Amino acid sequence: MGAESPVTRGKNSRGFKRDPLLWLGVAYLLLLLLFAIFGWWFRHGHLDQLARPHMPPSSDFWLGTDELGRDIFARLAYGAVNSLRVG
């Protein structure tokens, strides 16, 4: 009952390497990490009032603007950076 046999241990490790949900989760976390690191470099400032409030998504504002006219994408990128610092 104490230790697993080498055969059982090998099956578990191979199943872990081939699990598609595992790799989907890893890819998702990598995308979040890349977004947090590079997202704020290619958009507007997160505190700048740039446009009218509640604008829909466009080529200038990928996710639109909030109630104060700030770029939502830039604010999400800034929040992701703070989340990484805390985490």
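Predicted model: local features only at pLDDT ≥ 70, side-chain atom pairs only at ≥ 80, totals over all residues.
Residues are numbered from 1 along each chain as its sequence is written, and side-chain values use heavy atoms, with hydrogens and water left out.

Aromatic pairs were assigned to rings of Phe, Tyr and Trp (for Trp, the six-membered ring) with centres within 6.5 Å, planes under 30 degrees apart counting as stacked, those over 60 as edge-to-face and the rest as tilted. By this rule, two aromatic pairs are counted. One of them joins phenylalanine 35 and phenylalanine 73 in an edge-to-face arrangement, with a centre-to-centre distance of 5.2 Å and an angle of 75° between the planes. This pair links distant parts of the chain, as phenylalanine 35 belongs to helix α2 (residues 20-38) and phenylalanine 73 to helix α3 (residues 72-86), 38 residues apart; helices (H or I, at least four residues) and strands (E, at least two) are DSSP runs numbered from the N terminus. The rings of tryptophan 62 and phenylalanine 73 are also edge-to-face, their centres being 5.1 Å apart and their planes at 65°. Here tryptophan 62 is located in the loop between α2 and α3, eleven residues from phenylalanine 73 in helix α3.

With regard to accessibility (buried under 20% relative accessible area, exposed over 50%, partly exposed in between; 1.4 Å probe, protein chains only), phenylalanine 73 is buried at 10%. Phenylalanine 35, at 23%, is partly exposed, and tryptophan 62 is likewise partly exposed, at 41%.

The loop between α2 and α3 also holds threonine 65, which is buried with a relative accessible area of 4%. A polar atom of the threonine 65 side chain lies 2.9 Å from the backbone oxygen of arginine 52, and the side chain of threonine 65 reaches the backbone nitrogen of methionine 55 at 2.8 Å. Not counting residues up to four places away in sequence, threonine 65 touches Ala51, Arg52, Pro53, His54, Met55, Arg70 and Ile72, where contact means heavy atoms within 4.5 Å.

Glutamate 67 is found in the loop between α2 and α3 and, with residues up to four places away in sequence left out, touches Pro53 and His54. The C-alpha atoms of glutamate 67 and histidine 54 are separated by 5.5 Å, although these residues stand 13 residues apart along the chain.

How values were computed
Polar contact = N/O pair within 3.5 Å; in protein donor to acceptor, adjacent residues only side chain to side chain.
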